[in-house]
Amino acid sequence: MTSHSEKIIILDFGSQTTQLIARRIREQKVYSEIHPYTLPLDELKAMHPTGIILSGGPASVYDEDAPISDPQIFEMGVPVLGICYGAQLMMVQNGGRVEKAEKREFGKADLVIDYTAGLFAGMETGPSHYQVWMSHGDRIEELASGFSVTATSNHSPYAALRHEQKPFVAVQFHPEVAHTLIGNDVLRNFIFGICGCKPEWTMHSFIDATVKEIQEKVGEEKVICALSGGVDSSVVAALIHKAIGDQLTCIYVNNGLMRTGESESILNFFNQKTSLQLIDVNAESFFLEKLQGIADPEEKRKRIGFGFIEIFEKEAKKLGDVKFLAQGTLYPDVIESVVFRGKAPIKSHHNVGGLPERMHLDLIEPLRELFKDEVRELGLELGLPEQAIYRQPFPGPGLGIRIMGEVTGERLHILRQADVIVLEEIRDAGWYRKVWQSFAVLLPIQTVGVMGDGRTYEHVIALRCVDSIDAMTADWSRLPYDILGRISNRIINEVRGVNRVVYDISSKPPSTIEWE
Ligand code: XMP
């Protein structure tokens, strides 16, 4: 959406770390975008990239269905950096040769630099070798003409390369991962030294450019936005409000499945600190009724999703002629939907799916280019409260998918009380921002306990705390035993109807973060 005068285009060949390349470059205040390797040449040219990066990928260049980008890329007169598979493809497309290595090189390797200019500028006086991260099966056997070696490693005589006349460089290692200690230097040398970019992409410039674009796109029309209380929709609302003021109306649907106190800081902020038009709909009983007797997770998700659409549509109609729907789509959602290894969705996410088509609304997605941490930075810049900005992610279907089996008012009450304790203890111990998510789950079983002289037969609460960077993978948080102990004691003592607490020690994959 935004037009950036300088940009680095990354062509994705399927590596797990492609997104990291974009992040590392944006951290240097240079704008960067990822596209599938199939991007047609004329579209690539129309983007006027300042530099192009060919990412890594799991394939072998000689595989029958190997991902191959247009070789004309090397005729564009634009600097190109090949990383891992991208380096091998650069060789093959320019007349070199790649072969299966006898030994797969995976993990840390020692890089010896022979040429301290280009990608390795500034490393003249460094140590004799540098730690880098390798992960490849094939290796380059013969250089394409015009190329020479700039660094080697034990197993890769061609660990880094440059073209002697043209601005083409390549590395067999992964500069984007933290294990490559000189990774940032290498990427900086590419974007600033070789491409000649300037570090000018900041949140401030993003806000200015985006506000202008929203104003141009919207004109005099009306925009609606579903405010969930989460970070993304709050930032979207604040940004669009800044651009078009009261042409924007936000609708907050309280589905009765929120955590205690959740959303309030956002609603208070908008009500007290801004003049945002905000419709606050209390639909608790509507949703509880829809969920009555329903135990199947997907069915619950569907009912919550459709219920939301129903209410949202009803409220939106009252506003008369609305042309646009604003959504907090983030960059990872955009890339996930273009990546070529089409994966089936594991759980149905996207709670407002289908709304724009049904209501004949055009979409405004001003965060489409941003990663989560950038959205947070943007939110702070827009003046949103820190507490709201650093809120842990919370799923659209809310506590509905943290109560296993049927959702009832009584079970919601039990879960909410336990969940408050979890959050209080996690916050008090200083772990709230260290973990990705921390929450309670109510299990559909009862177990035997003993309280005083009597036998009890009551509910079980599972505690779920995970570390993650992007929710695609996650590991259970190694919480200290004393925090676990306090949470368990308090839940069992304070929440009536619970006599057991267990800690979930599964990672994702193969488990997921939420239990349903
Ligand atoms: P899973 O359970 O798939 O969750 O590992 C990954 C991340 O996504 C959140 N999540 C959702 N977010 N609507 C959302 O907006 C949903 O339906 C939904 N389901 C899961 C989850 O909390 C975690 O952060």
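How many cavities of 30 Å³ or more does the structure hold? The structure holds one. This is a predicted model, in which local features need pLDDT of at least 70 and side-chain atom pairs count only at pLDDT 80 or more, while totals for chains, interfaces and linings use all residues. Residues are numbered from 1 along each chain as its sequence is written, and side-chain values use heavy atoms, with hydrogens and water left out.

The organising element considered here is an open sheet of nine strands in the order 2-1-3-4-9-8-7-5-6, with mixed pairing. Strands (E, at least two residues) and helices (H or I, at least four) are DSSP runs numbered from the N terminus, and two strands pair if DSSP finds at least two bridges between them. Strand 2 (31-36) and strand 6 (130-142) are the edge strands, each pairing on one side only. From one strand to the next, the twist averages 25°. Strand 6 runs antiparallel to strand 5 (residues 97-113), and eleven bridges join the two. Asp 110 stands opposite Gln 131 in strand 6.

Two helices lie across strands. Helix 1 (residues 18-27) lies across strands including strand 2, to which it runs at about 165°. Helix 3 (residues 85-93) lies across several strands, among them strand 5 and strand 6, and runs at about 120° to strand 4. Axes are lines fitted to C-alpha atoms, for helices over the stretch in contact (heavy atoms within 4.5 Å), and angles run from 0 to 180 degrees between N-to-C directions.

Helix 5 (residues 203-218) and helix 12 (residues 372-381) pack at about 75°, with axes 10 Å apart. These two helices are therefore roughly perpendicular (65 to 115 degrees). Met 203, His 204, Phe 206 and Ile 207 of helix 5 meet Glu 374, Glu 377, Leu 378 and Glu 381 of helix 12.

The second largest pocket has a volume of about 400 Å³. A pocket is an open set of points on a 1 Å grid over the protein atoms alone, with protein on both sides within 12 Å along at least five of seven lines; in a cavity, a 1.4 Å probe fits but cannot get out. Volume is the space filled by probe spheres set on the points, which are joined across faces, edges and corners. Of the 22 residues lining this pocket (an atom within 4 Å of a point), the closest to its centre are Gly 57, Pro 58, Arg 104, Ser 135 and His 174. Strand 6 gives the most to this lining, with five residues.

The largest cavity, of about 30 Å³, is lined by Arg 139, Ile 140, Ser 156, Pro 157, Tyr 158 and Gln 172.

Methods: Parallel < 35°, antiparallel > 145°, perpendicular 65-115°, else oblique.
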